[in-house]
Amino acid sequence: MMNRRMILKRLGQMLVLESVLLIFPLIVSFIYWEWNSVTAFSATIAITAVLGFLTVIFIKPHDKVIYAREGFAIVASSWVFLSLFGALPFFISGEIPNYVDAVFETVSGFTTTGATILTDIEKMSHGMLFWRSFTHWIGGMGVLVLIMAIAPAESGRSMHIMRAEMAGPVIGKLVPKIKDTAKILYIIYLALTVLEFAALLLGGMPIFDSIVHALGTAGTGGFGIKADSLGSYNPYLQWVVIVFMYLFSLNFNLYYMLILKKFIPVIKNSELLVYSAMVAISAGIITLNIYPIYNNLHDSIRHAFFQVLSISSTSGFSSVDFNTWPFLSKAVLFVLMFVGGCAGSTAGGLKMIRVMILSKTVKRDIGHLLHPRSVSAVKVDGKTVDQNTISGVSAYFALYFFLIFGTFLLISVEPFDMETNLSAAVSCVNNVGPGFAVVGPMGGYSDYSDFSTIILTVAMLFGRLEIYPLLLALSPRSWFTRSNRRKFGKK
Amino acid sequence: MKIVVVGCGKIGAKVVASLVEEGHDVVAVDNNPALLDSITNIYDVMTVCGSGTDCETLQEAGVQSAQLVIAVTASDEFNMLCCYISRRMGAKHSIARIRKPEYNPESLAFLKQQLDLSLIINPEMYAAREMYNILKIPSAVKIESFSGRNFEIIEIVINEGSPLIDLKLMDIRNKFKEKFLVSVVKRGDDVYIPDGNFVLRQGDKIGLTGEASEIIKLMRTIGLERKQARNIMLLGGSRIAYYLAVKLIGSGHRVKIVENDPARCDELSELLPRAVIINGDGAQQEILEEEGLGTTDAFVALTGMDEENILISIFASGKHVPKVIAKVNRSELAAMANNLGIDTVISPKTIIADKVVQYARALENSLGSSVETLYKIMDDKAEVLEFNVKADFRAVNIPLKDLKMKANVLLVGIIRNRNSILPTGNDYIAEGDRVIVASKNRLNDLSDILR
């Protein structure tokens with residue numbers, strides 16, 4: 001039996017928070033005197049605030065205890081409603097007249113995908129552009145974790161929510177209290193964002209562009225404000241974005257260790273090493289592969305690193321149209337889409353640590369075939385990974401591919417080639433953004449029908465929340481089990 | 001305050017729970033990941049998986065910056081080593097659980113000094129002490145003493161026909177000549193800190209405070225004095241049974257211990273030559289009856305199984321044994337046992353958790369008028385605390401009637417130069433006094449009682 005009141009209460013808090021967050025784009029709209037956007041944001045703020053406060057005030061949970069299933073349900077429903085309400089400004093202002101498209105754009109924002117249905121970005125108002133990128137920032141670390149960081153702690157059981165919202169196979173705390181952990185994560189996140197903003201500003205990028213791109217990189221989102229994404233900015237600015245895409249795709253726990261001056265575990269962190277090696281090798285291959293196109297080593301290296309980090313951090317910015325690159329480079333990028341960033345970062349994808357655990361497990365199992373009596377443990381960072389985690393990762397891996405293939409099958413009703421549809425499915429599930437061919441970096445998802453748009457929207461949410469929360473929330477069994485008290489009448 | 005708890009078994013989990021409730025930053029260390037998993041799911045703590053004597057694990061848990069390290073694993077020696085390493089690594093204070101009877105008081109004192117332990121806790125010893133106190137006044141549900149055992153709080157249940165029924169508390173003061181206070185009342189699931197207009201009813205569980213001798217006189221007056229238990233039957237030859245038997249035999253009681261394991265029986269017969277040791281299964285009613293359950297004055301169920309203790313205690317109550325005590329470790333079961341009619345349920349791990357909380361509170365506030373003793377009473381819903389009054393307490397030497405006290409707080413006693421005073425409006429608190437307070441809220445410092 002779900003503790004529905006507790007779920008509703010959290011939903012209410014989430015709506016209140018959303019109405020507060022919407023004040024930022026409202027301010028931006030005021031600054032640029034965009035009255036249409038001002039109306040749209042004010043209306044949305046009014047709706048979310050009223051609904052949120054009513055829920056928070058009138059829902060009094062009898063029982064504050066929540067279990068893992070409530071944690072999943074809270075996260076899943078919060079994200080769905082966050083997106084449904086977050087889409088209202090686009091819809092009300094008429095800048096995205098189709099509500100389904102508006103929801104797609106918003107989900108793409110919150111899930112830090114960066115896939116867009118807009119055909120002419122440069123026509124959008126500043127308020128809307130800011131809101132699009134701000135959703136990346138909010139969704140990157142997670143809106144419920146933000147609530148934990150600022151709202152008074154209610155029960156010790158919030159760990160279920162944090163686990164369901166944050167990406168990665170094992171979620172640990174940095175400090176004993178969950179509220180403090182959430183605060184530390186957000187402070188690191190905010191500090192890195194501000195740093196990037198400053199670095200971009202120094203390179204001569206206009207203030208508005210710097211803010212938007214800093215927010216987009218922080219969440220590893222990828223919404224740009226130009227038709228050619230970052231292509232028209234100077235090489236320095238592109239390098240800044242490259243560095244920060246890398247930083248934001250690393251595990252945030254490492255930054256906390258650096259603050260505590262624990263340098264050795266950070267340097268020896270195997271996920272960091274493998275991830276960095278993967279990035280360097282991929283970029284190396286692509287540099288060689290695209291050198292003939294640019295005939296200039298610096299350009300080749302920069303474009304290779306930009307695209308590799310953009311895809312592996314699942315941001316989805318681009319400095320050139322990689323759709324025109326040779327097939328080998330595109331294949332490398334395609335594989336990187338699956339891997340994604342490190343656990344505990346804002347990136348999407350499978351996560352490096354899962355790939356490492358999987359490959360080590362495979363190695364162990366092959367060894368087991370050769371020596372059936374052999375006993376060996378899977379170790380990461382010198383610590384044995386317990387069997388529950390291994391089977392959890394394997395099960396997740398299977399589910400993940402079911403999700404990709406399911407999405408691919410469903411959107412294949414569209415009259416596009418296989419490259420387009422497959423890369424669209426992979427890109428959305430992994431929260432990357434651009435794919436190849438029609439959905440390439442210079443294209444978009446605008447040609448998809450409403451049906452496919454909805455499928456891809458759901459796929460993005462599944463990908464961001466790592467499948468389980470939504471899967472369980474969609475299963476009728478978790479909702480329609482009646483408690484004994486109801487069955488036998490209240491005492 | 002940052003506290004590291006090493007060992008998350010039954011006692012460890014309870015200690016973690018109490019400390020989290022107090023608002024401390026708790027890090028739990030254990031080498032069983034499944035145990036840690038269940039703890040993080042319920043309590044807001046950080047966990048570190050590993051051995052509590054491994055420096056790397058301890059460093060990860062942050063003992064170097066911890067105020068307090070508590071080692072409560074199953075092994076005494078492990079706990080000592082863990083505390084020693086932690087202190088060397090920079091922890092400010094350490095508490096170890098040491099419970100083997102082989103460590104006698106002299107060697108414990110030596111160890112405590114040599115290992116820099118702040119406190120040694122022995123759950124079985126504390127539980128035995130509490131049971132012994134209750135067996136002295138069998139009509140009490142629970143007895144706790146303050147300040148050199150002179151001042152006590154005693155929990156009793158108001159039964160049918162008690163002269164206290166339907167009396168206002170202020171009338172009680174006039175009606176009885178004994179000096180005591182009704183400081184806490186539990187009615188149903190609610191706990192009250194009563195004022196003078198509070199009327200007692202049948203079925204209330206009340207906490208009486210006063211000097212030990214006055215309380216005994218009062219019990220006689222209100223007809224609650226039962227014959228002191230002379231013949232006592234203990235079921236299960238655990239460590240608690242041993243400690244309890246030593247105390248009981250020392251004060252002239254006749255003790256019979258029923259134990260299932262022949263080897264343990266041999267050990268006990270060597271250790272306790274004056275006790276009667278019976279080798280038999282206590283779950284068999286026949287054996288208990290044959291050994292005189294019908295004539296014994298008190299029965300204490302001390303087997304390792306909570307359920308067995310509860311069931312056999314119910315059986316013993318059914319055989320009209322005047323006083324039945326059950327040891328129940330799991331607090332959920334303890335509440336159930338109360339509902340099933342066993343009035344005295346003792347849980348070693350709750351006692352330990354209280355001790356640790358008391359110590360942590362005193363540490364947190366070592367400058368002001370700190371907590372000397374703390375007991376949680378009425379199923380942990382209220383607390384009785386003893387404070388040592390320092391000069392900086394802001395209400396020193398002001399008559400109590402002029403003080404603005406918080407609601408749900410009651411000053412139940414002042415101990416000055418070994419004499420206890422039952423406070424009235426004209427009394428005052430002086431420097432060097434020990435003050436005993438009953439409260440429903442969490443108190444850290446004596447100043448917390450003031451508004």
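1. Chain B holds an open sheet of 5 strands in the order 18-19-22-20-21, with antiparallel pairing. Strands here are DSSP runs of E of at least two residues, and helices are runs of H or I of at least four residues, both numbered from the N terminus. Two strands pair if DSSP finds at least two bridges between them. The edges are strand 18 (371–377) and strand 21 (419–421) of chain B, each of which pairs on one side only. From one strand to the next the twist averages 20 degrees, where axes are lines fitted to C-alpha atoms, for helices over the stretch in contact, and angles run from 0 to 180 degrees between N-to-C directions.

2. A note on the source: this is a predicted model, in which local features need pLDDT of at least 70 and side-chain atom pairs count only at pLDDT 80 or more, while totals for chains, interfaces and linings use all residues. Residues are numbered from 1 along each chain as its sequence is written, and chains are lettered from A and ligands numbered from 1 in the order in which they are written.

3. Ile415(B) stands opposite Ser420(B), which is in strand 21 of chain B.

4. Leu181(B) belongs to strand 9 (residues 181–187) of chain B. Is Leu181(B) buried or exposed? Leu181(B) is buried, because 22 other C-beta atoms lie within 10 Å; the cut-off for buried is 20 or more, for exposed 12 or fewer, and partly exposed is in between, with C-beta atoms placed from the backbone. Leaving out residues up to four places away in sequence, Leu181(B) touches Thr209(B), Gly210(B), Val412(B) and Leu422(B). Contact means that the C-beta atoms of two residues, placed from the backbone, lie within 7 Å.

5. The largest nonpolar core has 137 residues, and Leu234(B) and Val300(B) are among those with the most contacts inside it. Such a core is a set of buried Ala, Val, Leu, Ile, Met, Phe, Trp, Tyr and Cys residues joined through C-beta atoms within 7 Å. Beyond four places away in sequence, the residues touched by Leu234(B) include Ala241(B), Leu244(B), Val255(B) and Val300(B). Apart from this core lies another, of 135 residues, including Phe72(A) and Met166(A).

6. Between the chains, 12 residues of chain B are in contact with 10 residues of chain A. Helix 2 of chain B gives the most to the side of chain B that touches chain A, with 4 residues. By class, this side of chain B has 8 nonpolar, 2 polar and 2 charged residues. Ala, Val, Leu, Ile, Met, Phe, Trp, Tyr, Cys and Pro count as nonpolar, Asp, Glu, Lys and Arg as charged, and the others, Gly among them, as polar.

7. Two loop residues of chain B deserve a check of the backbone. Most residues other than glycine have a negative phi. Asp116(B), however, has a positive phi, near 60 degrees, and lies in the loop between helix 5 (105–114) and strand 6 (119–121) of chain B. Asp116(B) counts as partly exposed because it has 14 C-beta neighbours inside 10 Å. Phi of His320(B) is also positive, near 60 degrees. His320(B) is in the loop between helix 12 (306–318) and strand 16 (323–327) of chain B. With 8 C-beta neighbours inside 10 Å, His320(B) counts as exposed.
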